[in-house]
Structures are given as structure tokens and as C-alpha cells.
Amino acid sequence: MSYSYQSRRATGGRSQNAYHASPNRRSGGRSGGRPRGDYINPARFIQAAKPREEVAFTPKHMFSDFAVDPIIKNNLQYRGLTSPTPIQDLTIPEGLAGKDIVGIANTGTGKTIAFAVPVIERLLSHPNSRALIMAPTRELAQQIMEELRTLTKGARIWSALLIGGNAMGPQLRDLRNNPRLIVGTPGRIKDHMERRTVNLLHFDVVVLDEVDRMLDMGFINDMRTILERMGSPRQSFFFSATMNASVNTLINTFSHDPLTISVKTGESSDNVEQDVVSYNSKEQKMEKLHDILLDKAVSKVLVFDETQRNVERLHKELESRGFTAAAIHGAKTQGQRRRALEMFKSNQVTILVATDVAARGIDVSDISHVINFSVPGSYEDYVHRIGRAGRAGRLGYALTFVENA
């Protein structure tokens, strides 16, 4: 795909205008505002997609082969799930055997089912067992809970969702029911521990999903406190897209002889065609975004802006121009964020404007474009942003706005 509004030169596909930004500008090419993050050379935002050749996967098992309760099998069948993905095929048998698991896999590979099946089987076969599942964002925690409720239909397993942005009242009510399954974010779980409204001593199964993201978001102390308060011995599942020293230290501290299962096939950005859009003024920047969104190839787009105020302003501007858009950021209530995400998933709106909170919580497989209306604070944030496109074997596109010096 080529865009007439970009300044691509024949020199290795690089945009000449991208090099006009001074390396001394700590704002990362933003138009004014406070300095944030490290300077990122705009050349790093330009990269051709490197689609991986899809290799047909033949699972060793079918879901019907697993030795699990008929309730789980019936619910999987109801979901239309018959053949497991690689991470599911390798993880479920080991999880059912009671082993601690470290799963390394790209986002969108079916990790939730991979840990959900052995966790639910444990709860059904051991009436005194309880499970805690932690995720970095409200959205991901909510998606996990929805999946678990589908798979536990008819099992009468009481659960509680502990996330910020929701009223404490319903959470306290659910906790009074003595739930055997809790899903939540580290911060809110720790809040309940400090209030003494939850006691994790009898929880003997724990799942940490997207461990690397939770560490990036500064949850390390909360996670350690929570794990230290849990029962022992216990079965642990750690899932992460990357494995670094911090992740490894946490796993080694709070697990016993874990089995590492890796099905990662490359970086999440490999299927994403990356380029920059140069602009000279705020007015031109908005007009270029308008033109991009009119392109027929831009079917579903995630637009990132830096602050909550900027997201609200951009959302209203797009709506005033006739685009169907929704907005999501940390100041929204959980209900507002959930509705915006549901509208985006169901194509009631085709544009979602967001702060970086969305990069770590959105699981939508058909996003065609990610647009960085503001330059991210770090290159790692950039990779997380654009990883929302190019999923499920599709080719995605990422465009980053860079101001000319």
C-alpha cells in the first residue's frame, strides 16, 4: 500500500523528512508539551513488513482427548473449539498434570484457553482449591473473566472480578460469596488485601498473564506482596511475550521447577508495514489524518494520542468530521471503556482513539491500521502499540506522525 501524503524516498525506503527531527529534542517529535521519554530516531518507525510463512500446525491432541470434566468439554464444544492452538496443545496436558508452567507466546495465540482448561479442571476435581488470575489491565482481566465464565457454565464456581474503575460495592458482595476463582489487576487485588476483604492463604493456583507488561507498568511490588500471601504449595502459570532478567527472577522466586513452553514465532510487529507521516503544523497534521481515515484500505483503526485530554479532543474532532469513533483512556469508567471496546469489536465504530492503556489491553484481531498521532514515550511502547495490527496472519499497517523541524 502506498500513501501519496508520505515523503518516502528511494534510499532504502526511508522517509527523508524523518531525519529532520533533531536528536536533541526530548519530546520525540511532538508539537510542544513537556519532555517525556527518550528521543527515538524516526527512522525506527520505518520498516517493511516481514510476514512469516504460515506453517500448518497439526496438534497432537483434540480438545475431546483431554481428561477433563464433561462440563469443560461441553462448554468448549459450545464455543466451537475442537482443535487446540500450539500453546494450548502443549500447555494443557502439562497443566493437567499439575506442573508449574512458563508459557512464552505472542499475543493472540490462545493463552487464555491454555491456562483456563487446567485451572477449571483443578477447581472441579479439588473442591477445596481456589485460583487467582492476575492481568496488567482492566480490559484484559475482563476478557479473561468472560472466557472463564463461558467455560465454567453449569459448574457453579463462584467468581469475582477485582479491577479498578468499578464500584467497590459489587466486588465486596462477590467476595462475601467466598469465590473460588478471582481475576483482577495487581493494584486492586492488593487494595482488597489491605482492606482485609480478601484472604489468599487458601488459594493454591495462580496465573500471571502478560508478566512482562505487569513489570513494565510498575506492579512488581504488588505482585510480590500478593504471591507471598498465597498458599503453598501451589501450582503456578506464568505467561509472557518476552523473557528478561526481571521476569526470570520473579518466576524463579515464586515457582517450583517450572516447565518452559515456547511457541513464539517472531516479534508481534513482523506482520506490520511501518512508515511515518510528516507534517508542518497542527492544522496540516489533522488534515493528513483525515485523508488517511478516508482511505478505503483503512477498515478498522486504532489511533493513539498522548494524554487523556488530547484523546477526548481528537475523538470529538473526528466525530465532528463525520467519522464513527469511540475513545478509551484511564479517566473513563470501566463501563465506558467496556462499551467503547465492544462497539469497536462489533464494528459499530471503526476508529478507536486511545492512550497507551489500550496497547496493553485490547484483543481485537481485525485491526488494519495503528496510527501514532503522537510519538510514543519509548520504543518499547511503540512496539506494543503497533502490535495491535497485523494479527491472526493478516498484514497490518502502522503510521507515525513526525513533525518536521
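A residue counts as buried when its relative accessible area is under 20%, as exposed when it is over 50%, and as partly exposed in between, using a 1.4 Å probe and protein chains only. By that rule, the buried residues of α2 are I87, Q88, D89, T91, I92 and G95. The model here is predicted, so local features need pLDDT of at least 70 and side-chain atom pairs count only at pLDDT 80 or more, while totals for chains, interfaces and linings use all residues. Residues are numbered from 1 along each chain as its sequence is written, and side-chain values use heavy atoms, leaving out hydrogens and water.

**Helices α2 and α3**

- Helices (H or I, at least four residues) and strands (E, at least two) are DSSP runs, numbered from the N terminus.
- The cover over the buried residues of α2 includes β1 (101-104), α3, β6 and β7 (259-262).
- The axes of α2 and α3 come within 8 Å and cross at roughly 20°; axes are lines fitted to C-alpha atoms, for helices over the stretch in contact, with angles from 0 to 180 degrees between N-to-C directions.
- That angle makes α2 roughly parallel to α3, since angles under 35 degrees count as roughly parallel, over 145 as roughly antiparallel, 65 to 115 as roughly perpendicular and the rest as oblique.
- On the α2 side the contact is made by I87, Q88, T91, I92, G95 and L96, and on the α3 side by K111, I113, A114, V117, P118 and E121; contact means heavy atoms within 4.5 Å.
- Just after α2, G98 takes a positive phi of about 90°.

**A closer look at α3**

- How much of α3 is buried? The answer is 12 of its 15 residues, so this helix is largely enclosed by the rest of the structure.
- Among the buried residues of α3 are K111, F115, P118 and L123.
- At 1.5 Å a residue, the 15 residues of α3 should span 21 Å, and the end C-alpha atoms are 22 Å apart, which agrees; the expected span is 1.5 Å times one less than the number of residues.

**The nonpolar cores**

- A nonpolar core is a set of buried Ala, Val, Leu, Ile, Met, Phe, Trp, Tyr and Cys residues joined through side-chain atoms within 4.5 Å.
- The largest core has 38 residues, of which F115, I133, I144, L148, V183 and F237 touch the most other members.
- Helices and strands that each supply at least two residues of this core include α1 (70-78), α4 (138-151) and β5 (205-208), while α3 gives the largest share, eight residues.
- Apart from this core lies another of 28 residues, among them V102, A160, I189 and I251.
- Leaving aside neighbours within four places in sequence, F115 is in contact with I133, I144, V207, D209, F237 and F239.

**A131 in strand β2**

- A131 is found in strand β2 and is buried, with a relative accessible area of 1%.
- A131 and L181 are 50 residues apart in sequence, yet 4.9 Å apart in space, C-alpha to C-alpha.

**Backbone details to spot**

- Most residues other than glycine have a negative phi, and most peptide bonds are trans.
- R156 has a positive phi of about 55° although it is not a glycine; R156 sits in the loop between α4 and β3 (159-162) and is exposed, with a relative accessible area of 71%.
- N178, in the loop between α5 (168-176) and β4, also has a positive phi, near 55°, and is partly exposed at 46% relative accessible area.
- A cis peptide bond, with omega about 0°, joins S232 and P233; P233 is in the loop between α8 (220-228) and β6.
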